[in-house]
Amino acid sequence: MIYPVAVLGGGIAGAAAALRLAQGGVRPVWIAADRRGSFKPGEHLSAAAIPLLTTLGSASVLRSEVHRHAHSTYSAWGSDILIERNAIVQLEGPPIVLDRAAFEDTLSARAIASGAKRIVRDVMDVRITDGHWQLDTGDECIEAGFVFDATGRKAVIASKFSTRFQADKLCCQYALLTSPNEQEPRPVTLIEAEERGWWYMSVLADQRVILNFYSDTDLPSFDSSEYEKNARGTKAISTYLMDYGYDFCGHPRRITTNSSWIAPAIGAGWVAIGDASAAFDPLSSHGMTTALWSAIEAADAFVAQDLQRMQAYADAVAKGVQDYLIAKRTVYSRETRWKNSQFWARRQTNVAKFAETSA
Ligand SMILES: Cc1cc2nc3c(=O)[nH]c(=O)nc-3n(C[C@H](O)[C@H](O)[C@H](O)COP(=O)(O)OP(=O)(O)OC[C@H]3O[C@@H](n4cnc5c(N)ncnc54)[C@H](O)[C@@H]3O)c2cc1C
């Protein structure tokens, strides 16, 4: 059997595309391994995602006490002074701090209930034979006429059939912290720049704290064994952690967070969505929203069998990347305190100089 369309990848982009295609009457085969049980960082969902979830008939997935509204985000960026970005002045409403696993699970369940056929495997190899895709999962070879690549930064199809560009080497060390204290912590998100990079801390609805350190993976200062010591050297964040008795336990994990994109985001018989098409610096808090947007746009173009609309999607991705690179440079150039820091010096330089193709 040759399926009309396959979706690869079980993150937000894959689940949203599988759901949208099924809603449009095209039952996709959705190849996505089960990652339940593993913690995935990235929980600040912009309120701009709510209309997209509404389009997917799924805004209610946010109505759960496992998520919380992020009414207050403070940042010390460009100076030691903490500036509050209060949700009242954010016209689209407050962002949401997600239980990421619960959010992805609910979206996945909706995609399956709407008719997507899920195959719980990874794709090991892809080939095109006689004009259709052969997707090898190890167990079986699935054939499809068209493929949605939603495999995140791995971009298993798009990297093979297009060029991936990379603007920086940003990487993240992250850990979850708990507190034995009975006192309820103030639910805040803190961002704090320092000489080696920047920190992000957020209180989840279950009161655990996620603490991320961002720097460039090739810099000597990006050393996991220094994570706890450096976290204790922060100002606002370390004060908060001490006040509420948060403990460090175990080593931080690492995950790539570079800015990278595919050009073009479509090819013959495939389209890239989510991080597979363009992956952003987490400072933008935009990755999940873009994953939802791109899934809807590409799925609607596929359902309508409208090539012009699919091309318009690819053009919008390319334009979005250019706008994003300008905005990124503007935000980073506001931090000028550490003239001798390689991390910050790199971000004062014209972004175009960093653009390079990945291996
Ligand atoms: C540390 C960190 C913090 C972040 N913070 C935020 C934030 O606060 N707000 C925000 O909006 N965004 C944030 N992001 C970005 C956000 O997480 C991503 O933009 C989003 O996950 C993209 O979704 P996706 O479905 O495209 O990719 P992913 O979530 O990466 O999902 C891709 C899926 O494809 C699967 N896959 C890979 N290879 C294969 C294969 N061969 N076969 C089948 N499946 C495969 C993977 O296992 C994965 O399940 C953050 C990212 C990181 C790393």
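This is a predicted model: local features need pLDDT of at least 70, side-chain atom pairs count only at pLDDT 80 or more; totals for chains, interfaces and linings use all residues.

Trainee: Why is T256 called partly exposed?

Mentor: Buried means under 20% relative accessible area, exposed means over 50%, and partly exposed is in between (1.4 Å probe, protein chains only). T256 has 40% relative accessibility, so it counts as partly exposed. T256 is found in strand β17, residues 253-256; strands are DSSP runs of E, at least two residues, and helices are runs of H or I, at least four, numbered from the N terminus.

Trainee: And what does T256 touch?

Mentor: Leaving out residues up to four places away in sequence, T256 touches R153, L170 and C171, where contact means heavy atoms within 4.5 Å.

Trainee: Why does R347 count as buried?

Mentor: R347 has 7% relative accessibility, so it counts as buried. R347 is found in helix α9 (residues 342-348), and among its contacts are D168, D216 and Y332.

Trainee: What makes R347 and F343 a polar contact?

Mentor: The term needs a pair of N or O atoms within 3.5 Å; within protein, one must be able to donate a hydrogen and the other to accept it, and residues adjacent in sequence count only if both atoms are side-chain atoms. Here a polar atom of the R347 side chain lies 3.0 Å from the backbone oxygen of F343.

Trainee: Which residues of helix α6 are buried?

Mentor: In α6 (residues 236-243), they are A236, I237, S238, Y240 and L241. Those buried residues pack against β13, β14, β15, β16 and α5. After α6 comes G245, with a positive phi near 70°.

Trainee: How much area do domain 1 and domain 2 bury between them?

Mentor: About 690 Å², 79% of it on carbon and sulfur atoms; buried area is the accessible area (1.4 Å probe) that two parts lose on being put together, summed over both. In domain 1, F39, P41 and L283 lose the most area to domain 2, together 64% of what that side buries.

Trainee: How many salt bridges does the rule find across that interface?

Mentor: Zero between domain 1 and domain 2, where a salt bridge needs a side-chain nitrogen of Lys or Arg within 4 Å of a carboxyl oxygen of Asp or Glu.

Notes: Residues are numbered from 1 along each chain as its sequence is written. Side-chain values use heavy atoms; hydrogens and water are left out.
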